[in-house]
Each structure stands twice: as C-alpha cells, then as structure tokens.
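Could you walk me through how to read a protein model, one feature at a time? I am new to this and would like the general idea before each case.

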Protein chains: 2
Amino acid sequence: MSEFALIAAIRRVLTQPTSDVVVGIGDDAAVLRAGDGALVWTIDAQVEGVHFRRDWLSWADVGYRSMMAAASDLAAMGAKPVGALAALTVSRGFCEAMLVELAGGQREAGELLGCPVIGGNISSGDTFSVTTTVLGRAEKPLLRSGARPGNLVQVAGRLGDAALGLRHLLAAHNGGAGVVAWRRPLAQIDAGLRARARATSAIDVSDGLGQDVEHLARASGVRVLLHEAQLLLCAPALPERDALALALGGGEDYALVVTSDERVEGFEPIGVVTEGEGVFVKCLDGREMPQAALASGYVHSV
Amino acid sequence: MSEFALIAAIRRVLTQPTSDVVVGIGDDAAVLRAGDGALVWTIDAQVEGVHFRRDWLSWADVGYRSMMAAASDLAAMGAKPVGALAALTVSRGFCEAMLVELAGGQREAGELLGCPVIGGNISSGDTFSVTTTVLGRAEKPLLRSGARPGNLVQVAGRLGDAALGLRHLLAAHNGGAGVVAWRRPLAQIDAGLRARARATSAIDVSDGLGQDVEHLARASGVRVLLHEAQLLLCAPALPERDALALALGGGEDYALVVTSDERVEGFEPIGVVTEGEGVFVKCLDGREMPQAALASGYVHSV
C-alpha cells in the first residue's frame with residue numbers, strides 16, 4: 001500500500017471541520033488560524049535503517065538532519081519557524097554522550113533555522129528514531145494549489161547532490177561527492193520567506209523533484225514542463241542522463257520549488273506551468289518525456 | 001541511564017533564549033507566547049512492545065489511547081487542545097483497513113477532546129509506533145512550580161484502575177477489572193480548564209502518582225503529604241496495601257493533580273502541601289512513609 005493511498009484513507013476518516021483549522025491533511029504542513037496570521041505546523045520521523053544507517057551519520061548529523069527535514073515543510077509554506085519538539089526512541093545501548101551529541105546537532109540546525117528545540121519525549125524501543133515537530137508563523141501560508149498557467153517554475157537549492165551522496169554511502173564510499181549534502185542539508189527557510197509575497201504555490205523536494213512537482217501540479221490542476229537544460233545547471237556534474245535522473249529522483253537536498261509570474265531572487269528557473277496535467281521534461285533533443293520515465297534510474301531507499 | 005538524566009543532559013545543550021519561548025524543556029509541555037495568551041505544545045510516543053502489546057488493544061484502541069496520552073499533558077497546563085499531528089511508523093503487514101481503524105480511534109478521542117488530527121506523517125519501520133503532538137491554548141498555563149505550603153492536593157480521575165487493568169492483561173485476563181480503564185483513558189482536559197483559575201500548580205499522572213507528585217514537589221520546592229484514607233477512595237477496591245501500591249505507582253489513568261487554596265469542583269482531596277521536600281503518605285496507622293516505599297509493589301513496564 002502506497003503512502004498516498006494511506007494518506008487518502010486517513011483523510012477520509014479524520015477530516016472534521018473546526019473553526020481553527022485552515023489547512024488540514026494533504027499539504028506540506030497543517031495551518032491553524034492565529035490572530036492576524038497563521039500557525040504552520042508539521043511532523044517528520046527519521047527512523048534508523050529506513051531514513052539513515054548509523055555508520056553513515058554521527059549522532060550530531062542525525063540531530064541536525066532531523067531538524068532540517070522537518071523544517072523543510074515550513075519553508076514550503078513560506079513560514080518562519082518558532083520552535084521544535086523532538087520525540088526520541090532509543091535502544092538499550094544509547095547513553096548520555098550520544099544524546100548530548102545528538103542534541104548538539106539539533107542545536108546547530110536550530111540556530112541556523114532560528115528554531116530552538118523546546119521540549120520532547122524519550123521512549124525506549126528496539127529501533128532508534130527521532131520524530132520532530134516544528135511550529136512556525138506565516139501571514140499567508142503558501143500552498144501547493146495556486147500554480148497558474150504562465151507561471152515560472154523555480155528552485156532554490158541543489159537537485160540531486162544528496163542523492164549522489166547517498167549513492168556513494170551505499171557503495172561504502174564515505175568521501176564521495178554529495179555526501180556532505182546528504183548529511184547536512186539546509187532547509188530553504190530564507191528562500192521561502194523571500195518567495196512568499198510573489199509565489200502562487202510552493203512545495204519542498206523531499207521525495208524527489210519529479211514526484212513532488214507531480215503533487216503540486218495535481219493540487220493546482222495544471223501541467224508542468226521542466227527544462228532539462230535548466231535542471232542540469234542545478235544537478236551534479238555527471239553524464240547528462242545520470243545527472244537528470246538524480247535531479248528528478250533525488251529528494252533529500254530539501255530544495256524548494258515555487259511558481260510565480262516573475263523570477264524570485266535566489267531561485268533558478270527550471271520550467272513553466274501550462275494548461276493540462278502531469279509533469280514532463282523538455283529534453284536537450286527537443287522531445288517531451290514524462291518525468292517518471294527519466295527519474296527511474298534513481299533508487300530512493302536506504 | 002534514567003529518563004530524568006537524559007532530559008537534564010538535553011536541557012543543558014538545547015536551552016537557548018528566544019523571545020517566543022515562555023516554558024522550555026522540563027514541564028509537562030512547552031509554552032510559546034501568542035498574542036494575549038499562550039500556545040501549549042507537547043509530544044508523546046506510543047511504541048509497540050514498550051507502551052502496549054498488540055494483543056491487548058484493537059487498532060482503534062491504539063489510536064484512541066495515543067491521543068489521550070498526548071492530550072493529558074495539555075490538561076496538566078490548563079490548556080484547551082486545538083489540534084494534533086500524528087507520525088506513524090508502520091511495518092510491512094500494515095494495511096489500509098488497520099489504518100482506517102486506527103484513525104477511527106484517533107477521531108473518537110479527538111471528538112471527546114475537541115481536537116482533530118489535522119496532519120501527520122507515515123514512515124515504514126520494523127516496530128509500529130504512533131507519535132502524537134498536540135497544540136493547545138491557555139491564557140495563563142498552569143506549571144509544576146507554583147505549589148505553596150497550606151495548599152490542598154487534589155485529583156481528578158481514578159488512581160490505579162488502569163494499572164490494575166494492565167496487571168490483568170499481563171496475566172492474559174482480558175476481561176479483568178480496570179482493563180477498559182487501561183485501554184480507554186480520558187485526558188482530564190475539562191478538569192484542567194475548571195482548575196486553571198484557582199490552581200497554583202498541576203501535573204498529570206502518567207508515570208505514577210508518587211513519582212509525578214515528586215516532580216511537582218521538587219519544581220515547587222515543597223513537601224507533599226498524601227493521605228492513605230483519601231487515596232483509597234480513588235483507588236481500586238482491593239486489600240489496602242495493594243490498592244495503595246496501585247494508586248501510587250500506576251500512571252496510565254491520566255488523572256490530573258492540582259494544588260490550590262480551596263477545593264476545585266470535580267476534584268477529590270488527597271493530601272496537603274507543607275514546608276520541606278519529598279512526597280510522603282500518612283498511613284491509616286498514623287505513620288508517615290516515603291511514597292516510594294509504598295508504591296514499590298507496582299511494576300510499570302509492559
């Protein structure tokens with residue numbers, strides 16, 4: 001059963017109208033009314049053996065990365081983080097020194113994000129995991145659903161560097177290109193804040209550009225045409241076909257995609273919004289191909 | 001390494017002053033400034049094999065119980081919940097029918113609490129867990145630290161019923177007294193809201209009355225003297241010694257303890273606050289005993 005089917009099933013059962021909820025299940029984060037603005041709220045889990053392997057990350061990296069992965073959803077809403085809570089599940093061998101190192105990584109990320117960890121929970125369990133919830137504020141949160149034909153599709157951050165790093169880690173090549181990008185991503189909070197006045201829609205790239213832009217296109221009821229030539233400028237320096245597969249399939253750079261009438265400072269153009277549906281790539285040879293056909297070279301799982 | 005040592009270590013690393021944070025790591029929930037009032041925010045994990053066994057609970061029970069366990073921290077702050085996010089870790093066998101049942105239990109609890117689940121996250125993993133974060137509002141949140149000598153110690157909810165139920169479940173006696181209390185606790189949100197104008201301090205009973213009141217006494221810099229005769233009125237109908245051990249050691253009823261000058265409606269008196277430190281029980285025979293010596297008959301873990 002896919003994550004999307006699960007989420008659709010959950011939404012059917014759980015959706016109940018309340019006066020406080022502006023956006024419920026289905027966008028990058030939930031939105032609650034709060035005075036003049038809104039609270040934007042998300043949760044993300046990093047599970048050992050699923051999202052990372054312990055020999056790939058120091059405990060500080062685990063803490064740092066868990067904060068960035070969670071905060072990235074707030075970047076996608078154009079929100080400014082205010083604080084985080086973290087729930088740890090730790091097994092018997094976990095000691096105070098490891099915890100202090102992990103918390104040090106959370107703090108490093110928290111300082112970059114302007115978002116301290118202000119509480120949490122510790123449970124025992126067989127598998128290590130850290131689940132982080134981040135709360136932020138936005139006057140008018142960006143959604144996935146506002147893209148309009150004629151908009152430029154733009155990205156802040158690299159595409160595929162972290163995926164290349166993961167490929168090296170899977171091959172036990174810890175010093176390879178992209179490994180630092182995979183270990184130490186940066187949530188595009190500042191880019192989201194810069195974009196929020198102009199952007200018509202936004203999504204962060206956590207599962208892979210192709211897949212994530214599919215969500216945006218579906219939510220907005222539009223077609224997106226990405227340009228290979230532009231994508232390659234944001235992708236690792238590899239042979240074209242491989243670089244494109246990484247740029248479309250690799251998500252853990254936590255890049256930020258927005259659509260808007262004009263170019264936003266600090267974003268690179270990667271395509272255009274048109275009438276229709278689906279996400280396609282205009283290749284260097286002029287052909288238009290469905291993104292999924294080109295991203296397929298990339299394997300996501302640990 | 002104890003949970004308390006871990007939390008102290010985390011706090012040393014993570015505490016950083018920011019203008020939005022009123023209460024950070026160490027109380028029942030974190031508190032953020034929000035207009036005239038405050039946001040109260042907590043996270044709680046329920047891990048299979050640690051907090052429950054699958055043969056003890058339906059999926060609906062798992063969902064219901066996870067919401068109540070998390071919301072109980074908000075009751076302890078005198079806060080009104082506004083919404084929840086849930087992060088699930090599910091293993092391969094988990095199917096849509098199970099998810100719908102689990103979400104149904106979350107919804108049931110959410111309706112009782114006035115707190116819908118408005119978002120979340122699903123990961124794969126070897127061990128099932130559900131981690132719930134709940135956000136609420138309070139004008140002036142109750143803390144653990146305000147108890148004063150002369151205050152009455154009072155409780156809303158039962159003490160030890162759920163622990164008795166757990167004892168039956170551990171003995172494979174699924175129909176025993178207290179099993180429903182263990183499966184379907186009620187977070188004392190309404191009691192917390194009633195208490196907030198008068199209470200000087202509050203804590204919810206998640207680890208056991210004795211231990212949790214120790215936290216409150218330490219945070220407030222006071223001694224608490226509980227009365228066995230009063231505790232037994234809130235405890236299971238068992239021989240005195242056993243009933244007292246369950247009342248002091250059993251936490252998963254999610255009862256709410258407050259201190260205040262006068263009795264609060266819907267709360268039962270169980271003791272008094274005095275000068276000094278520690279938590280003691282005035283026994284039926286007139287002796288005063290440290291609570292830990294009397295709670296020791298109770299075993300907490302699954």
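Q: What should I know before I start reading?

A: This is a predicted model, in which local features need pLDDT of at least 70 and side-chain atom pairs count only at pLDDT 80 or more, while totals for chains, interfaces and linings use all residues. Residues are numbered from 1 along each chain as its sequence is written, and chains are lettered from A and ligands numbered from 1 in the order in which they are written.

Q: How many helices and strands are there in chain A?

A: Helices (H or I, at least four residues) and strands (E, at least two) are DSSP runs, numbered from the N terminus. Chain A has 10 helices and 13 strands.

Q: Why is chain A said to be as compact as a globular protein of its length?

A: The radius of gyration is taken over C-alpha atoms, and the globule rule is 2.2 Å times the number of residues to the power 0.38. For the 302 residues of chain A that rule gives 19 Å, and the radius of gyration is close to this at 19 Å, so chain A is as compact as a globular protein of that length.

Q: Which domains does the assignment give for chain A?

A: Domain bounds come from an automatic or database domain assignment. Here chain A has domain 1 (3-138) and domain 2 (152-295). Their centres, taken over C-alpha atoms, are 22 Å apart. Each domain of chain A brings 20 residues to the contact; two residues are in contact if their C-beta atoms, placed from the backbone, lie within 7 Å.

Q: Which element gives the most to the domain 1 side of chain A that touches domain 2?

A: That is α2(A), with 10 residues.

Q: Where can I see what "buried" looks like?

A: A residue is buried if 20 or more other C-beta atoms lie within 10 Å of its own, exposed if 12 or fewer, and partly exposed in between, with C-beta atoms placed from the backbone. In chain A, 57% of the 302 residues count as buried. Now try strand β10 (residues 256-260) of chain B: five of its five residues are buried, so the strand is largely enclosed by the rest of the structure. Leu256(B), Val258(B) and Ser260(B) are on one side, and Val257(B) and Thr259(B) on the other.

Q: Which strands are joined to β10(B)?

A: Two strands pair if DSSP finds at least two bridges between them. Strand β7 (residues 152-156) of chain B runs antiparallel to β10(B), with five bridges, and Val155(B) has Val257(B) as its bridge partner. Strand β8 (residues 201-204) of chain B also runs antiparallel to β10(B), with four bridges; there, Ala202(B) is partnered by Val258(B).
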